[in-house]
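Welcome! Please take a moment with the sequence and the 3D view below, and then let us walk through some side-chain pairings and a helix packing together.

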Amino acid sequence: MENFFKLSENKTDVKTEILAGFTTFITMAYALLVIPNILKASGMNAAGLKGDAALGLSILEDPVIASAFTGTCIIAAIGTLVMSLYANLPFAVAPGIGLTAFFSYSVCLTLGYTWQQGMAAVMISGILFILITVTSIREKIVNCLPQNIKVAITAGIGLFIALIGLKSGGIVIANPGTLVSFGNFTDKNVVLTVIGIVIMAILMARGIKGAMLISILLTTAIGIPMGITKIEGLKLISMPPSVAPTFMAMDFKGLLSHGGQGIIGALTSVFMVVLTFSLVDLFDTIGTLVGTAQRANMIRKDGSIRGMKKALLADAIATTFSSMFGGATTATYVESTAGIAEGGRTGLTTLVVGILFILSLFFGGVVGIVPAQATAPALIIVGVLMLESIKEVNFTDFTEAVPAFFTIAMMPFSYSIANGIAAGIIFYPIMKVSVGKYKEVHPIMYILAVLFIVRFVLLPQ
């Protein structure tokens, strides 16, 4: 371990790394509970139900959702182990919550793709991400987008995820007169969601490690006497559910002929989906890596991050595998900072996390009883954390504020992450050109803006 992970060189030891690994796992294990609940809304269930119609389904009685749980564990294990053994970095990888929400609610619900077609798009984006990582294209894409748009994407996704959590918990409901309104706070489902939010917010505020996971478990327990958590068929330890229903289910033919739009329309639509997957993954991963690397003192004197290229490549490889096992695009989890704060500095930390993800496969019976009211607070609190980036947006410059605003606002208001990114990219060159600052706009931004405008004209829905 000393020679392979270079522990002394990174000023750490085996005991510290193992403790850091357990800490990281505890803080991000909630994702194993949340992600299958988001994926089932895409139609990834035995009945093919989408959106709210799938809310009542669970791992215990639905083999496809159970397969999604197994796939999530396997994907997280593969991505994290690649980060450990290849990049030798303490960053854990798993399907991203925001990216999974984009997959289910934007790609499958709004755009109407099947989840199998969506998986094909995830694989394409994973391969694309590998290509742009091993070449200089990655740097060019990063450099072309203005900083305000980058941070606005994160903030917008935070609001979008929070809206999904509020909706699935019944706190926000549809209203024909006002579009949305408060739910019924005498409904026991809404009450349990609010209890979960309060517990999680307090634990997070007090800096309790594993606050999200602890809160989900407590809320699930409180839901038992309320008649919301169903404990029939509960098994503490069980064999992993079969991954067969979601394994290698990509539908490339259906992706390219979706909606009978013709080859041009289909390619334009697929381009937008893949571009959004790639952009969100790219900036989410880079932002997380920069933040966690600063916490771990892994920034070199020239400003570069140790192992940055390997970390991005590990994430891209994980995304490609994710599509094979029925998962959405992967992300480097910001919860890795918890393990780093405990002293984790090398891939030994993530080796421990990867092993724990594998062991999680045998606890699907426990995960199956967790109700949506217990995981909805996690989505809301993740939204709070992601909204932190909004403080970096320069709202004093109107040419920067408008694109950032539309990037953030259009995600929750149009129920689409892709629409938010497109709106920001379109408005940025318009605002800059209008005041004669056209030289501040990278040429690639003009190309992207035109492509998105063409997309909305050709495919208004």
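Lys432 is buried, and its relative accessible area comes to 0%. Keep in mind as you read on that this is a predicted model. Lys432 has a salt-bridge partner in Glu440, with the N to O distance at 3.0 Å.

## Other salt bridges

How many salt bridges does the count come to? The total is 5 salt bridges. One of the pairs is Lys167 with Asp52, whose side chains meet at 2.6 Å, N to O. This pair ties distant parts of the chain together: Lys167 sits in helix 8 (residues 147-168), while Asp52 lies in the loop between helix 3 and helix 4 (63-87), and 115 residues separate the two. Lys167 has a relative accessible area of 30%, so it counts as partly exposed. Asp52 is also partly exposed, at 47% relative accessibility.

Another salt bridge joins Glu388 and Lys391, where the closest N and O atoms are 3.4 Å apart. Is Lys391 buried or exposed? Lys391 is exposed, because its relative accessible area of 62% is over the 50% cut-off.

## Helix 3 against helix 5

Now for the helix packing. Two packed helices are described by the angle between their axes and the distance between the axes. For helix 3 (residues 30-39) and helix 5 (residues 97-110), the angle is about 10 degrees and the axes are 9 Å apart. That angle makes helix 3 roughly parallel to helix 5, since angles under 35 degrees count as roughly parallel. The crossing of these two helices, helix 3 and helix 5, is right-handed.

Which residues of helix 3 and helix 5 meet? From helix 3 come Tyr30, Val34, Ile35, Ile38 and Leu39, and from helix 5 come Ile97, Thr100, Ala101, Phe103, Ser104 and Tyr105. Sorted by class, the contact of helix 3 with helix 5 has 9 nonpolar residues, 2 polar residues and no charged ones.

Methods: Residues numbered from 1 in each chain as written. Predicted model: local features only at pLDDT ≥ 70, side-chain atom pairs only at ≥ 80, totals over all residues. Heavy atoms only, no water. Axes fitted to C-alpha atoms, helices over the stretch in contact; angles between N-to-C directions. Helix = DSSP H or I, 4+ residues; strand = E, 2+ residues; numbered from the N terminus. Parallel < 35°, antiparallel > 145°, perpendicular 65-115°, else oblique. Left-handed = near helix turned anticlockwise from the far one by under 90°. Contact = heavy atoms within 4.5 Å. Nonpolar A, V, L, I, M, F, W, Y, C, P; charged D, E, K, R; others polar. Salt bridge = Lys/Arg side-chain N within 4 Å of Asp/Glu carboxyl O. Buried < 20%, exposed > 50% of the residue type's maximum accessible area, 1.4 Å probe, protein only.
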